[in-house]
Amino acid sequence: MHMSFTADEIAFREEVRSFLAASLPEHIREGARNTPSVFVEPDIGDEWQRILHEKGWLAYHWPKEAGGTGWDPVQRYIFEKECALADAPALSVLGLKLVAPVIYTFGTDEQKARFLPRILDGSEKWCQGYSEPGAGSDLASLKTRAALQGDGRTYRINGSKIWTTHAHYADWMFCLVRTNPDVKAQEGITFLLVPMHQKGITIRPIITLAGDHEVNQLFLDDAETTAEYRIGEEGQGWSIAKFLLENERGGSCAAPRLIADIDRLRRAAGNQPSGTNGAYGHLPSVEARLVALELEAQALEITELRILAELKAGRRPGPQTSLVKLVASSLRQKIDEMAVDIFGPYGLQLPPERPLYGNSAPEPVGSREAQLAMPTYLNSRAWTIFGGTNEVQKTIIAKTVLGL
Ligand SMILES: Cc1cc2nc3c(=O)[nH]c(=O)nc-3n(C[C@H](O)[C@H](O)[C@H](O)COP(=O)(O)OP(=O)(O)OC[C@H]3O[C@@H](n4cnc5c(N)ncnc54)[C@H](O)[C@@H]3O)c2cc1C
């Protein structure tokens, strides 16, 4: 594995830097910096998505045949790193990174033509209907039932999905349903695409501890979709779900954004009075904490680069993605904990209003960074839960990496 970029890769990095300098507006950067939740709101997210789509760089991890850039893993890494350093908003993964690879890998030509262009132009948004009350870590026990009707075409769906991120913005949901209750749990699951705007679906918001409306509970009461929107055959849903989860856990590079956030933390600590002699950042205990975070982030970055090398050589990363998910989530939380500590009492403010940018943002007490610390800290508690909890990742690592 080579640890330095080739001349072509350095030239590509310069091209990305120039594009970001010219095309990423300051109000979008400000919005992204001042968003305490994982996903940015549609006002800045959609605008950034349109800019990238016009440039032809939105589907930067899709193959060319599917309408993507066809970039190799190193180019994708460079692009993600430069975006993180430039404060670009994280793109919503639901359509672009989760369901799109499923559609272009397992879908029919009609499904590809129906859905992929609308994911790219942003005209249709997606949500993920996997988890249910009682089926999270043990996903295979899901109970939402879908039954093909007598016409051989219509699926009628009954049950409930929970923690459904951005369902309130979604036009479609990709979801796992039970089509056969009489076989082994995993074998009775099917992957369906379901239109959200119908009377059989009720969305109930869940407001999180931080005050964000990101997640929802859905009730499906005779909701409908059709067989033409089923991906694969009945009973193949579990293997498609696992393919998607592997992408969710390891499909992108977490380290660059974490490193950028540690840099920001270092600057904030350098400006914050310590109450004794000089700035907080100059206290040896604070410096030691920052260095420990930096080292952990750099080690993560090397692991991510190793995964890229695997991908570039045509191999699948497999359970290494669980390692990345585990380390990245825990590091995310440590960074956000330290931000609360740095701002002292000012780090305890928790404004109920959203967004925390633009003209209607609430006045911060102290600085905007201080105002963001607590909402971000509370929001980031979810990192070690969504996409599979830490305990679940550790079990996967124990079994598949350590052979325990
Ligand atoms: C902010 C947020 C957004 C989310 N977005 C979505 C979404 O868009 N779509 C979607 O489908 N889901 C989403 N989820 C749901 C997420 O995937 C689940 O919360 C997660 O899989 C855990 O399931 P659970 O909440 O049912 O907890 P449980 O599975 O009930 O787990 C409870 C606790 O028990 C532990 N535990 C469970 N089983 C084991 C085991 N075998 N060994 C050791 N420990 C175990 C867990 O680690 C956890 O600490 C989201 C969750 C959050 C918090």
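In which loop is the place of Pro355? In this predicted model, for which local features need pLDDT of at least 70, side-chain atom pairs count only at pLDDT 80 or more, and totals for chains, interfaces and linings use all residues, Pro355 lies in the loop between α10 and α11 (368-379). Residues are numbered from 1 along each chain as its sequence is written, and helices (H or I, at least four residues) and strands (E, at least two) are DSSP runs, numbered from the N terminus. The peptide bond that leads from Arg354 to Pro355 is cis, with omega near -5°. Most residues other than glycine have a negative phi, and most peptide bonds are trans.

The protein is divided into domain 1 (7-91), domain 2 (126-236) and domain 3 (253-401), with bounds that come from an automatic or database domain assignment. The centres of domain 2 and domain 3, taken over C-alpha atoms, are separated by 32 Å. To the contact between them, domain 2 contributes 6 residues and domain 3 contributes 8 residues, where two residues are in contact if their C-beta atoms, placed from the backbone, lie within 7 Å. The side of domain 2 that touches domain 3 has 2 nonpolar, 3 polar and 1 charged residues; in this classification Ala, Val, Leu, Ile, Met, Phe, Trp, Tyr, Cys and Pro count as nonpolar, Asp, Glu, Lys and Arg as charged, and the others, Gly among them, as polar.

Domain 2 and domain 3 each also provide at least three residues of the shell around the ligand. Of the 20 residues around the ligand, Tyr130, Gly136, Ser137, Trp163 and Thr389 come nearest, a residue being near a molecule or strand if its C-beta atom, placed from the backbone, lies within 6 Å of it. At least two residues of this shell are supplied by each of β1 (126-129), β7 (213-226) and α12 (390-401), and the shell as a whole divides into 8 nonpolar, 10 polar and 2 charged residues.

Several helix pairs were also examined. The axes of helix α8 (residues 255-271) and helix α9 (residues 284-312) come within 9 Å and cross at roughly 165°, where axes are lines fitted to C-alpha atoms, for helices over the stretch in contact, and angles run from 0 to 180 degrees between N-to-C directions. That angle makes α8 roughly antiparallel to α9, given that angles under 35 degrees count as roughly parallel, over 145 as roughly antiparallel, 65 to 115 as roughly perpendicular and the rest as oblique. The passage of α8 over α9 is a left-handed crossing, the term used if the near helix is turned anticlockwise from the far one by less than a right angle, with right-handed used if clockwise. Among the residues that make the contact are Leu258, Ile262 and Arg266 of α8 and Leu290, Leu293 and Glu301 of α9, and by class the contact has 11 nonpolar, no polar and 4 charged residues.

For α9 and helix α10 (residues 320-342), the axes come within 10 Å and cross at roughly 155°, and the two helices are therefore roughly antiparallel to each other. This crossing is left-handed, and its contact includes Leu293, Ala297 and Leu300 of α9 together with Leu323, Val327 and Leu331 of α10. The residues of that contact divide into 11 nonpolar, 2 polar and 4 charged.

The axes of α10 and α11 come within 9 Å and cross at roughly 150°, which makes α10 roughly antiparallel to α11. Here α10 passes α11 in a left-handed crossing, with the contact made by Asp336, Glu337, Ala339 and Val340 of α10 and Ala373, Met374, Thr376 and Tyr377 of α11.
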